[in-house]
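Please keep the sequence and the model side by side while reading the walk-through below. It moves from a sheet to the helices around it, and then to single residues.

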Amino acid sequence: MTQDYFAKSLIAIGNAVAILAAATALTAQEIRVEKTTVNVARNIELQTTIYLPKQEDAYPAVLIRTPYGSQNMTWVAEHLARHGYAVVVQDVRGKNGSSGQFFPFAYEKADGLATLEWLVEQPFCNGEVALWGVSYLGFAANEVASTGHPSVKTVFLLSAWSDLDSFITHGGAFHLMAHLPWFVMFAGEQNPPAEAWPHIYRTTPIAQFFGGNEQAMEELKPEPYDYKKFKMPVMHVCGWYDYIYPNTLQTYESILKQAPDATNQRLIIGVWPHNFALNGKSTAGEADFGSNAAWGSEKVNEITRRWFDLHLKGKDDGLGAEPQVKLFVMGSNQWRHFDAWPPRAVKLQRWFVDCRDKANSSAGSGTLSTTLTDRKLSDQFVFDPNHPVPTTGGANWHPPEKNLGIFDQRVVEQRQDVLVYTSAPLSHALTLIGPVEATVYAATEGKDTDFTAKLVEVRPDGYAANIVDGIVRASYLFELKDGQQLESGKVYKYEIELGATAIQLSPGSRLRLEISSSNFPKYDRNPNTGVDPIEATEFLPVTQTIFHSDDYPTHVLLPVLEEPKK
């Protein structure tokens, strides 16, 4: 898939969920609200609302830019204004009364920077500015932060992203469930009924949904990020079942790697699906992680204010001394602190797949263990993109919105096109914290194809709970260009990033690895013909062969936390 189409699909933000204004502390100030417009380019005026403390003075300022209606941000703007901040909430170009035409991603850096230059000249601003954003608002904040403007002193990001390619795709496959609905409903201003989405996802070619905008988006696509300019303290917050979290981790890690003088980078990952940090719920799919997992808008306001107080007012209530990384560990359902990501005590373990006979479905004889027994050299299945493996939970978003988080995988595992490899029951608790990666040695009949992997916890009662999943597209992995194709029957090494996790598995549970070639509609379907999937109208079934031998040891690499002995 080309970036022309990537840049035309995006995600929805938590403002789609009604959020009540946070309760105001007894010491909070009264506020005043002003409305104005900011000229950011020729004939482009952006609607802007300013929330100020009652007393006229120069305050540290917070800039929030949104495509979802500035009126939906009163809950955070009023809270911060009552605690001594000048808060500027702006409707981005082409939205909610702001002039110009809206194109996803295209103007956020230039318009945000022009607004920042205007802001620091205002009498209510003391010259120091914080950026705040959730989802697309977080992207808009990152665009401004990436300029390295000296007035930006700190940033708070919730479910935010930076690099577009890794955000819109995973392993080269288009994240269809997230981005196609956003483009249809928000950018396209259509509202199909829920029952229409299964048909919409199967409509081909996918490219028709983006027709007419290719040239404009190609001209306006954002520049690559320069993470060396992120020298200000940044708070990164996301959730394990929020499909944004891989990009949150990428942003966090890229800043630490490329800006070694960056100070006070913080990482908090809860268990929430996208934007669930705002709704106060403790559930992710069929799993409830207890009240300890729930935040809500009041908690987000509290963390935001404490972070800004620390870096804009020099007030430290203990937040400054906390470790760099805070993670919610599923299974134990507790928050834990670490001084690095991944934790330094994590050691990588290889778990190898094998089989006595056939690994097709959970009724097969596929095994998963830390040793390779070399009993059978390979397994086969037919990947028919006309009948793809259905998405069943995971880090997803959009219709159907109930398909988020943890769900029982046993129905999916009955399929013959899903290879299932299961470990013996664990003799002791096993804690996994960090990235998970599968290495699959495979051959295909296709000219291009996909391979998927899913890590599952099989609980003692048989419930098969998804932990992480991933996909890789051969043409992306091997950089096939200009009509290049896979060689039929040749064994290739596919490295599949499954994402990251923090989970404690109890004794008696078993680990399971599923291998297949589709996860639909989370990801688009590979037609196996060599045609770009976004342009495809015909889909060809092919036979896939997975190898597990001394020469081709298919395995999954697990981040095992070595706990100190008591």
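Ten strands form an open sheet in the order 1-2-4-3-5-6-9-10-13-14, and their pairing is mixed. Helices and strands here are DSSP runs, helices being H or I over at least four residues and strands being E over at least two, numbered from the N terminus, and two strands pair if DSSP finds at least two bridges between them. The edges of this sheet are strand 1 (31-41) and strand 14 (334-338), each of which pairs on one side only. Neighbouring strands of the sheet are turned against each other by 25 degrees on average, with direction ignored. This is a predicted model, in which local features need pLDDT of at least 70 and side-chain atom pairs count only at pLDDT 80 or more, while totals for chains, interfaces and linings use all residues. Residues are numbered from 1 along each chain as its sequence is written, and side-chain values use heavy atoms, with hydrogens and water left out.

Within the sheet, strand 2 (residues 44-53) and strand 4 (residues 86-91) pair in the antiparallel sense over four bridges, and Y51 has V87 in strand 4 as its bridge partner. Helix 4 (residues 136-145) packs on the sheet, where it touches strand 3 (59-66), strand 5 (125-134) and strand 6 (152-158), and its direction makes about 140 degrees with that of strand 5. Helix 9 (residues 245-258) also packs on the sheet, touching strand 9 (234-241), strand 10 (266-273) and strand 13 (325-329), with a direction about 150 degrees from that of strand 9. Axes are lines fitted to C-alpha atoms, for helices over the stretch in contact, and the angles run from 0 to 180 degrees between N-to-C directions.

Not counting residues up to four places away in sequence, R65 touches, among others, L46, D111, L137 and A140, where contact means heavy atoms within 4.5 Å. V329, in strand 13, is buried as well, with a relative accessible area of 1%. Leaving aside neighbours within four places in sequence, V329 is in contact with Q334, R336, I433, A502, I503 and Q504.

A pair of helices comes next. The axes of helix 2 (residues 74-82) and helix 10 (residues 297-313) come within 10 Å and cross at roughly 40 degrees, and the two helices are therefore oblique to each other. Angles under 35 degrees count as roughly parallel, over 145 as roughly antiparallel, 65 to 115 as roughly perpendicular and the rest as oblique.

Strand 20 (residues 450-458) is largely enclosed by the rest of the structure, because nine of its nine residues are buried. In a regular strand the side chains alternate between the two faces of the sheet. From strand 20, D450, T452, K454, V456 and V458 point one way and F451, A453, L455 and E457 the other way, and all are buried. Strand 20 pairs in the antiparallel sense with strand 21 (residues 464-473) over nine bridges, and E457 stands opposite A465 in strand 21. In the hairpin of these two strands, which has five residues between them, G462 takes a positive phi near 100 degrees. Strand 20 also pairs in the antiparallel sense with strand 23 (residues 510-516), over seven bridges, and there the bridge partner of K454 is E514.

Finally, D288 is placed in strand 12 (residues 287-288). The side chains of D288 and S282 are joined by a polar contact of 2.7 Å, and the side chain of D288 also reaches the backbone nitrogen of G290 at 2.9 Å.

Methods
A polar contact is a pair of N or O atoms within 3.5 Å; within protein, one must be able to donate a hydrogen and the other to accept it, and residues adjacent in sequence count only if both atoms are side-chain atoms. Buried means under 20% relative accessible area, exposed over 50%, partly exposed in between (1.4 Å probe, protein chains only).
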